[in-house]
Amino acid sequence: MSTDMLSEMSIGLGGLVMKVRKSSMRALIGAMGLSVVLTISPVSAAVADDDYYSNGQNTPRPDVRPYNYNSTWQTAIDRAINNWNATYSPVRISKYNNAASSITAQSYSDSWYGLYTSCSPNNCMYISLNSRTISASASNFSNYVTSITIHEFGHSFKLAHRDGQDSIMNRSRNRNTMINPSSSDVVNVRNYYPGFPNE
């Protein structure tokens, strides 16, 4: 840890993050009283650096219509949902028979791998997976589908592209191996939905 990291810390208190010099920390903790529990972490760990994606959903808890594909697709898409749901964030993706949102895998003539489309900011989206381009590019098909699905859900959670960074939103990431949102992706989602509890 660098000297700068040791001399300046961030203190999170119920969503409020403030920078405090180490020399001032004792006085601050004393003034706040013993009954307050503080979470102390390096400044860089609490900072979100993602651009906001304006076509995201108003909720991080979307319902999607159940889908029925062969086990290769089904397992990969289910894993994407499970990997988002496993993050310490407000994200909870559920399957619901009457949901307006859907995930569709089929062959498209376009060059993209996946496409997120908002039909309404209030829990309505379409995620399309292009079987033609995925099959042509994947060396690990299941991981590729999982990575793309997680990326498209990221757009629904207001995450923009983050090219050149360690992020599921990086369009140049290795889709054969990156199958989880990064820690900074999760921090950004938490910051975009402060009114929802992290679970």
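Author: The chain has seven helices and eight strands. Those are DSSP runs numbered from the N terminus: H or I over at least four residues for helices, E over at least two for strands.

Reader: What should I know about the source and numbering?

Author: It is a predicted model; local features need pLDDT of at least 70, side-chain atom pairs count only at pLDDT 80 or more, and totals for chains, interfaces and linings use all residues. Residues are numbered from 1 along each chain as its sequence is written, and side-chain values use heavy atoms, with hydrogens and water left out.

Reader: What share of the residues is buried?

Author: Of the 199 residues in the chain, 43% are buried. Buried means under 20% relative accessible area, exposed over 50%, partly exposed in between, with a 1.4 Å probe and protein chains only.

Reader: How much accessible surface?

Author: About 10,200 Å², with 50% of it belonging to carbon and sulfur atoms. The areas come from the Shrake-Rupley method with a 1.4 Å probe.

Reader: Which helix is mostly covered?

Author: α7 is: seven of its 10 residues are buried. Among them are Ser-184, Asp-185 and Tyr-192.

Reader: On to aromatics. How many pairs in the whole structure?

Author: Nine aromatic pairs turn up. Rings of Phe, Tyr and Trp (its six-membered ring) pair if their centres lie within 6.5 Å; planes under 30 degrees apart count as stacked, over 60 as edge-to-face and the rest as tilted.

Reader: Why is the pair of Tyr-53 and Tyr-116 edge-to-face?

Author: The ring planes of Tyr-53 and Tyr-116 stand at 65 degrees, with the centres 6.2 Å apart, so the pair is edge-to-face. Tyr-53 sits in the loop between α3 (43-46) and β4 (63-64) and Tyr-116 in strand β7, so the pair ties together parts 63 residues apart in sequence.

Reader: Buried or exposed, those two?

Author: Tyr-53 is partly exposed at 23% relative accessible area. Tyr-116 is buried at 7%.

Reader: And Trp-84 with Phe-157, what geometry?

Author: Their ring centres are 5.1 Å apart and their planes at 75 degrees, so that pair is edge-to-face. Trp-84 lies in helix α4 (residues 71-85) and Phe-157 in the loop between α6 and α7 (183-192), so the pair links parts 73 residues apart in sequence. Both Trp-84 and Phe-157 are buried. With Phe-153 they form one aromatic cluster.

Reader: Now Tyr-126. Where is it found?

Author: In strand β8 (residues 124-130). Tyr-126 counts as partly exposed, at 36% relative accessibility.

Reader: What is it in contact with?

Author: Leaving aside neighbours within four places in sequence, Tyr-126 contacts Ala-100, Ser-102, Leu-115, Tyr-116, Thr-117 and Cys-119. Contact means heavy atoms within 4.5 Å. The C-alpha atoms of Tyr-126 and Ser-102 are separated by 5.0 Å, at 24 residues apart along the chain.
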